[in-house]
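Have a look at the coordinates first, then read on.

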Amino acid sequence: MRLTKTLKFPRSETKNTPEIPEASDIETPSEERAAPAESEPDRWEIEGDRGEGNIPKATTDPTENEDDPLSSFAPDIDRLQILLEADRLYLSGNYTDAEALYRQVKPPFSIDIGEFRPRAVPFSDPDLLSPAGAVYWRESTAGIEQGLETRIFVPLELLIEEHPEFIPGYLRLAAVLRDRDRPEEALDVLERAASMYPTEAQLVETYIYHLADAEKWLEASIAARQFSLLLPEHSRADNFRGFADEMFEEFQRDLRADLRESAIASVFTGALSVFATGSPFAAIPTLQLALLLLQGEDTVGEKFVEVAQEQLPLVEDVRVTDYVNDIGDRLADLTGRDMDYEFYVILDENVNAFALPGGKIFIHAGAILAMESEAELAGLLAHELSHAVLSHGFQRMVDATMFGNVVGLVPYAGGILNNLMFFDYSRDQERQADILGTRILATSGYAADGLWNVMVELHERDDAPSIPAWISTHPDTEDRIQYLETLIVENGYNRYAYEGVEEYAQVQARVQKLMEDYIEERETEEAEEAEVMNRELERQWRREQRMERLDPFDWYGRPGERSIRMPPGF
C-alpha cells in the first residue's frame, strides 16, 4: 500500500519547489541526528511457507534421490556438504554452530574486519573540529559576512578535505555556490556527500532541495525514496516517502508536457523520415514509446512483458517458476514500494539479468546455472529489484526517448525489446542498487554476501568477455567486489547467515535439464531449416543445369514448323 503523506518542507509557490536556505543560514543544527532503529534480521521462524520473513527447509532430501543434484557440483562436493549441514543448523536455530561451518568454507574478505577502520562518523558540531578545521570554519563565516570569495571557497574546500565527516561544511559550500549562480557545482558537492553519507537526514534533505530547485524531479524522488528504504524506522522515513511520491508526481506532470511536445515533434520528424526512407512507418517507434511512457511505469512494464512473452523462450516449468517467484516475492516485500512485481526465467545460457519498469524482473537460466546457492540468486534479484524500485529503467527509457527525437529514430518491432533489456546504468545508479539491494538481502535473512559471491565467481571465470552488461558497466567487477566488501563490513551485515544449497541444487538440476532440452530442440530446428534450405538450393541448381542443356529449338520450334511447342516442364 503506497504511503502518500506529504513531506512538510517549505516550498515556493511558483514551481512547487522547496526553498533552499541561504549560505549564511548554514549553522550548527540545533537538533541531533536521529539514529536509525535497525532490526537484527538474524532470528527466523523455522516452520511456515515462504514470506513473512521465514526461510523454510527444503521439502526433499537430495541424498534420498537416485541422482543426487549435489553431485553436479563436484569437485566441490565436500564444501557444499558443509554448506548443507550449516543450512540445516541455521534453520534449526543453532546459529553459533552454523556460523562456524559457514566460516570454514567461505573465503575471507580482503578487508581485515579486526583492523578495519570504518568511515568517520559524521558530526555537525564545530566544537569537534580540529584546530585547523575550526580556523577554516571561522574564515568561511567571515568571508560570507564580508562577501569575499577567496575567504569562502578556499577555507571550505580545505575543511571538507580535512574533515569529510563534517556535514555543515558541505551544506555551506553548496549554499554559497548556489547563491553565486553555480547550481550544478552545488549539486556535485551534495551528490558526493550524500553518496558517502546516505543516511544523514539533513544532508539528503538539502540534496533533495537542490534537485527540486533544478526541476530534476525524478532524481529528487529517487533520493528521497532511497533514504526511506535504507532507514524505514527513521523518525522522518514517512516524510521522505511522501516527498518521493510528491516529486514523482511532479516528474510525471513535466513528462506529460514534454512528451506532448515530443509527439508534435514526431509528426515533423516523421514527415522527414517518410521523405528520406519512403516508409510511412519510419516515425512510429518514438511516438508509440512516448505515448506509452505517458501511461506510467506499470503500463510500460506490462506492455514489454507482453512483447517478451512473444519473443523470448521463457521457462514454464512450475517448480522453477514457483521457486524463483517465492524468493523474489519475499525480497519485494522488503523494498517498501508497492508495485506489481513479476519474475521470469529465460532459457538463455548467458549469465545475465535485467529489470523492466514496474517491477518486472527477468533472469537468464545461465545465471541460475552459474551460481551455487539461493543466497546468491537472492542477491542478484535484490539488485535488479532495486533498479526497479528506484525507477532507474524508467528514467533511462525517458531519457532515450527524448534524445531519440533529436538524433535519430528508435528501431521498433523485434529490436526494441533487445535495446531495453540492458540499461546502461550510470555509476551512481549502480551504487544505489548495490546499497539498497545488499540491505534488502541482509534484512531478508540470507547471507549478506550473496551478490559479492556472484561478482567473485564471474571475476574468476576465464571467459571474461561474457561478463554481463549489468555488471561490466560502471564500475568494473574487481572494483565492485572491493566496494561490496566495504559496504557489508561498514554496515555490519551478516555474511554467515542462510545460504540455501539443498533446494537450490534440485532446482538448478531441473534448469540444467530444461536448458539442455531447449538447446537440443533449437539445434534440431536449425538442422531441419538447414536441410530445407539445402534441398531448395539443390533444386535450384538442377533447374539451372537443365536450362544450360536445353536446345532452344525444343522450346521455340524449328524453322518451318507451323506451331510452337509448349515450354518443357521443370
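The points below go through a sheet, a helix pair and a few backbone angles.

1. A word on conventions: this is a predicted model, where local features need pLDDT of at least 70 and side-chain atom pairs count only at pLDDT 80 or more, while totals for chains, interfaces and linings use all residues. Residues are numbered from 1 along each chain as its sequence is written, and side-chain values use heavy atoms, with hydrogens and water left out.

2. Let us begin with the sheet. Three strands form an open sheet in the order β1-β3-β2, with mixed pairing; strands are DSSP runs of E with at least two residues, helices are runs of H or I with at least four, and both are numbered from the N terminus. Two strands pair if DSSP finds at least two bridges between them. β1 (342-346) and β2 (353-356) are at the edges with a single partner strand each, so one side of each has no neighbour in the sheet. On average, neighbouring strands are turned by 20 degrees against each other, direction ignored.

3. β1 and β3 (residues 360-364) run parallel and are joined by five bridges. E342 has K360 of β3 as its bridge partner, and V345 stands opposite I363 in β3.

4. Four bridges join β2 to β3, and L356 has K360 of β3 as its bridge partner. The two strands form a hairpin with three residues between them, and G358 in the turn has a positive phi of about 85 degrees. In a regular strand the side chains alternate between the two faces of the sheet. In β2, A353 and A355 point one way, F354 and L356 point the other way, and all are buried.

5. Next, a helix pair. α3 (residues 131-146) and α5 (residues 167-179) pack at an angle of about 25 degrees, with their axes 12 Å apart. Axes are lines fitted to C-alpha atoms, for helices over the stretch in contact, and angles run from 0 to 180 degrees between N-to-C directions. The two helices are therefore roughly parallel (under 35 degrees; over 145 is roughly antiparallel, 65 to 115 roughly perpendicular, the rest oblique).

6. Who touches whom in this pair? The contact (heavy atoms within 4.5 Å) is made by W137, S140, T141 and I144 of α3 and by P168, G169, R172 and V176 of α5.

7. Finally, two backbone angles to look at. Most residues other than glycine have a negative phi, and most peptide bonds are trans. E215 is not a glycine, yet has a positive phi of about 60 degrees; this residue is in the loop between α7 (201-213) and α8 (217-230). S391 also has a positive phi, near 60 degrees, and is found in the loop between α14 (374-389) and α15 (392-407). Are these residues buried or exposed? E215 is partly exposed, with a relative accessible area of 37%, whereas S391 counts as buried at 3%.

Notes: Buried means under 20% relative accessible area, exposed over 50%, partly exposed in between (1.4 Å probe, protein chains only).
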